[in-house]
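Thanks for coming. I will go through one structure today, beginning with a pair of rings and ending with the whole chain.

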Amino acid sequence: MAGEVTSKPTNNTVINEDAIAQVFLDARTYNDFEDTPIPEATLKRLYDITKMGPTSANNSPARFVFVQSDAAKARLKPFLAEGNVEKSMKAPVTVIFAWDEKYYDKIPQLMPHNPGAREWFTGPGAELNGRRNSVLQAGYFLLAARALGLDTGPMTGFDAAGVDAEFFAGNPGTENWKSDILINLGTGTTKNLFPRLPRLSFDEAAQII
């Protein structure tokens, strides 16, 4: 019947406490990793989960480079801040998390019912929208990695312009990518693991009105 409201197909049950602990409560930012490779299938699964998180008009500006080989790590090393070198070289994978400056060109593909939505993102706010939504996707990525049993170590201490020139400039398909965050992936160890820092209480950071 037209206009009839039906129940949604999803089953919004509360996930168990162990899952919440793994993804949020017990998860940490790791500074050292075991020498345990991450299968390619796991990296692809990680992306396939991350991409399902919502973005504005499904614009999906985030781009990913999984730096895994010794040769690729050697290319990345010169652009790392001193304190990030050892842990990044030891991590099985370091992800260059970037965003595409021309992400809006994918809108007709990503929003086929309204290809004209591309024009929503080509004005003065294009960069802000791209950065905002890619950072949102970075959050999805960290949670998806933890859900798959991977430990993470996000970093912003690196020469982004150098990384862009080394990995993206002049390469068809990536020439408009801009690196924003590096994320180490693997099985973390307790070496150099900082004590958990305090968080703001509900009353300090939130209101119910």
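Phe-121 has a relative accessibility of 5%, so it counts as buried. Buried here means under 20% relative accessible area, exposed means over 50%, and partly exposed is in between, with a 1.4 Å probe and protein chains only. Trp-120 has 54% and therefore counts as exposed.

Before going on, a note on the source. This is a predicted model, in which local features need pLDDT of at least 70 and side-chain atom pairs count only at pLDDT 80 or more, while totals for chains, interfaces and linings use all residues. Residues are numbered from 1 along each chain as its sequence is written, and side-chain values use heavy atoms, with hydrogens and water left out.

Back to the rings. A search of the whole structure gives eleven aromatic pairs. One of them joins Trp-120 and Phe-121: the ring centres are 6.4 Å apart and the planes are at 50°, so this pair is tilted. For the terms, rings of Phe, Tyr and Trp (its six-membered ring) pair if their centres lie within 6.5 Å; planes under 30 degrees apart are stacked, over 60 edge-to-face, and the rest tilted. Elsewhere, ring pairs link Tyr-47, Phe-64, Phe-66, Phe-97 and Phe-141 into a cluster.

Phe-141 also takes part in a helix contact, where Leu-46, Ile-49 and Thr-50 of α2 meet Gln-137, Tyr-140, Phe-141, Ala-144 and Ala-145 of α6. Contact means heavy atoms within 4.5 Å. The residues of this contact divide into six nonpolar, two polar and no charged. In that count Ala, Val, Leu, Ile, Met, Phe, Trp, Tyr, Cys and Pro are nonpolar, Asp, Glu, Lys and Arg are charged, and the others, Gly among them, are polar.

How do these two helices pack? Helix α2 covers residues 40–50 and helix α6 residues 126–147, and they pack at an angle of about 130° with axes 9 Å apart. Axes are lines fitted to C-alpha atoms, for helices over the stretch in contact, and angles run from 0 to 180 degrees between N-to-C directions. α2 and α6 are therefore oblique to each other. Angles under 35 degrees are roughly parallel, over 145 roughly antiparallel, 65 to 115 roughly perpendicular, and the rest oblique.

Helix α1, residues 17–25, also packs on α6 at an angle of about 130°, with the axes 9 Å apart. Here Gln-22, Val-23 and Phe-24 in α1 meet Leu-143, Arg-146 and Ala-147 in α6. These residues divide into four nonpolar, one polar and one charged.

Leaving out residues up to four places away in sequence, Gln-137 touches Thr-50, Thr-55, Ser-60, Pro-61, Ala-62 and Phe-97.

Next, two loop residues. Asn-58, in the loop between α2 and β1 (62–67), has a positive phi near 60° although it is not glycine. Asn-192, in the loop between β4 (177–186) and α8 (202–205), has a positive phi of about 60° and is not a glycine either. Most residues other than glycine have a negative phi.

Finally, the whole chain. It has eight helices and four strands. These are DSSP runs numbered from the N terminus: helices are H or I with at least four residues, strands E with at least two. Of the 209 residues, 38% count as buried.
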